[in-house]
Amino acid sequence: MKHPITLTINGHRHEVEVEPRRTLADVIREECRLTGTHVGCEHGVCGACTVIVDGDPVRACLVFAVQAEGAQIRTVEGLAQGSQLHPLQQAFMDHHALQCGFCTPGFLMLSTALLERPDPPSDAELQEALSSNLCRCTGYKNIVLAVRAASKAMHATSGAA
Amino acid sequence: MRSVAFQYHAPRSLDEALAILAEVAPEDGRIIAGGQSLVPTMAFRFVRPGHLVDINRIAGLDRLSEQPVVASVPAPDAAPGTELVIGALVRHAAFHRPVVAGPLGRLLTEVAGHIAHYPIRMRGTFCGSLAHADPASEWCLVASTLDARLVLRSVRGERIVRADDFFTGVMSTAIEPDEMLVEARITLPSAGARMGFDEFSRRRGDFALAMALVSFDLVDGRIHSPRVGVSGVEDRPCRIAQAEALLEGCVPAIDVFQAAARAAAAAVDPLEQPQLPAIYRRELVESSVRRALERAWV
Ligand SMILES: Cc1cc2nc3c(=O)[nH]c(=O)nc-3n(C[C@H](O)[C@H](O)[C@H](O)COP(=O)(O)OP(=O)(O)OC[C@H]3O[C@@H](n4cnc5c(N)ncnc54)[C@H](O)[C@@H]3O)c2cc1C
Ligand code: FES
Ligand code: FES
């Protein structure tokens, strides 16, 4: 039986009808047509599907879409403001933190949630948290560099504001 | 792969959840808490529940509190003191910072850092881990070693089960199909209690191949009431009486820890798994117990 639900993604409301067994990752991609969220392993191991739900980074393949009704969902499509890249996206470019790009949306959403935390993570915590997601081609060194650089850039701006 | 079709229920109160659970239990109706173990096992079709009762919209289940220990069945001998009460929706991430002052809060924070990865800890729950009863679950080891009391409720009433009777094997517990684990209670140790944890896994965030949790009090410089728990090795977490007996009354020292660790390695009966011969697991147990004791001591 399908359930009519409303998902709020990047501030936009999407009215969809879904079977309860559809995961949030699938519904974001196939019903809401936001294909920036990638799906790799589909059982919680790779992190490619990471999105932000009510402020927390979560594996979208381990949440059923019906569970996310009423929540504020953010995906990689919501990061850039028009042609202005988000500081994390800019840092990923500048530091060559992506190669094939398959894992990138997951890393970006994971890092966005981490850097927006009221208590920004220490270097060690950042490194530990970034081990949550798998990147099989770029390697982690540049990803960690990029996230640290973005962290500096973001906190410098918010400090100046 | 996708899970089989199921009916979804999102009750707003505990009573409503228990009523639905009672009704759907015969059709393999189950609770979904964090979903971090259930959703993957459904995707692989290892389990095919006909109904899911989602407890995430029930207010108050994420409560963490301290209360006086009430002597009750099955713990009429419960020592007076205070217990930490962990509600059904308390997530792993709640323990990223100590939830109580003293050694227990510090221990739980250390242990939480070993569970899966950051985003999984945002949703997975303490009680869900106990209900799932993976032999390599860190929280199951905590519950077993610290003799947690598990509160099970259904429309038929409430009962409290000791951790010893709760874990019955690989992914099996004393929870009846119509019951929900509503909270776990752990007695707070004395302020001076020594606690230590160690785990071995191949990569950070992977399930442990062996882990150990120890705690003891120091009375006149000697070990008193030691607890030594080991997990990830047998089908469920276990206390090692032989190691505890060796420690009782001793002045903490490396050779004492080493003897207890050897006793633990000899006492366990490791699950035979491909590429994990029992002899290797015993060696891991020995080093985990020794390291946990050293951490408790320094
Ligand atoms: C990649 C990955 C790595 C992981 N690594 C680890 C690890 O290193 N250590 C570890 O311990 N765990 C690990 N986990 C599992 C994770 O910790 C889960 O969160 C936990 O095992 C289950 O908790 P949950 O709240 O997600 O339960 P769910 O997945 O919602 O439920 C699990 C089972 O328990 C039942 N259940 C849940 N809550 C209750 C309740 N209150 N009453 C009765 N029944 C209930 C459900 O019906 C289901 O059968 C990992 C998971 C993933 C995806
Ligand atoms: S697709 Fe969700 S974690 Fe791999
Ligand atoms: S950029 Fe290719 S997997 Fe990470």
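This is a predicted model: local features need pLDDT of at least 70, side-chain atom pairs count only at pLDDT 80 or more; totals for chains, interfaces and linings use all residues.
**Entry 1**

I began at Asp119(A), which is partly exposed with a relative accessible area of 32%. My cut-offs here: buried is under 20% relative accessible area, exposed is over 50%, and partly exposed lies in between, with a 1.4 Å probe and protein chains only. Side-chain values use heavy atoms, with hydrogens and water left out, residues are numbered from 1 along each chain as its sequence is written, and chains are lettered from A and ligands numbered from 1 in the order in which they are written.

Which residue forms a salt bridge with Asp119(A)? I found Arg97(B), with the closest N and O atoms 2.8 Å apart. The rule I used for a salt bridge is a side-chain nitrogen of Lys or Arg within 4 Å of a carboxyl oxygen of Asp or Glu. Asp119(A) sits in the loop between helix H3 (104–115) and helix H4 (123–130) of chain A, and Arg97(B) in the loop between strand E5 (82–87) and helix H3 (103–112) of chain B, so this pair joins two chains. Helices (H or I, at least four residues) and strands (E, at least two) are DSSP runs, numbered from the N terminus. Arg97(B) is partly exposed too, at 43% relative accessibility.

Arg117(A), Asp119(A), Glu125(A) and Arg97(B) are linked in a network of salt bridges.

**Entry 1: the interface**

I went on to the contact between the chains. Taking contact as heavy atoms within 4.5 Å, I get 31 residues of chain B against 29 residues of chain A. The area buried between chain B and chain A is about 2500 Å², and carbon and sulfur atoms give 55% of it. In chain B, Arg2(B), Tyr118(B) and Pro119(B) lose the most area to chain A, together 24% of what that side buries. Buried area means the accessible area (1.4 Å probe) that two parts lose on being put together, summed over both.

How many salt bridges are there between chain B and chain A? The count is 5. Arg2(B) turns up here as well: it forms a salt bridge with Glu42(A), with the closest N and O atoms 3.2 Å apart.

On the side of chain B that touches chain A, the elements giving two or more residues are helix H2 (38–43), strand E3 (51–54) and helix H4 (118–123) of chain B. H4(B) supplies the largest share of that side, 6 residues.

Over all chains, my count comes to 27 salt bridges. I checked two within chain B.

- Glu183(B) forms a salt bridge with Arg185(B), the closest N and O atoms being 2.9 Å apart. Glu183(B) is buried at 15% relative accessibility, and Arg185(B) is buried at 13%.
- Glu244(B) forms a salt bridge with Arg239(B), with 2.6 Å between the closest N and O atoms. Glu244(B) is buried at 13%, whereas Arg239(B) is partly exposed at 34%.

**Entry 2: H3(B), from the inside**

Why do I call H3(B) largely enclosed by the rest of the structure? Because 7 of its 10 residues are buried. Among them are Pro103(B), Leu107(B) and Val111(B). The cover over the buried residues of H3(B) includes E5, H4, helix H6 (138–145) and strand E10 (180–187) of chain B.

In helix H2 (residues 87–94) of chain A, the buried residues are Leu88(A), Gln89(A), Ala91(A) and Phe92(A). They cover an arc of only 160° around the axis (taken from the directions from the helix axis to the C-beta atoms), which puts them on the same side of H2(A). The face turned away from that buried side carries the exposed residues Met93(A) and Asp94(A).

Last, I looked up Thr37(A), in the loop between helix H1 (24–30) and strand E3 (50–53) of chain A. Is Thr37(A) buried or exposed? It is buried, with a relative accessible area of 2%. Not counting residues up to four places away in sequence, Thr37(A) touches residues including Ile28(A), Val51(A) and Glu77(A).
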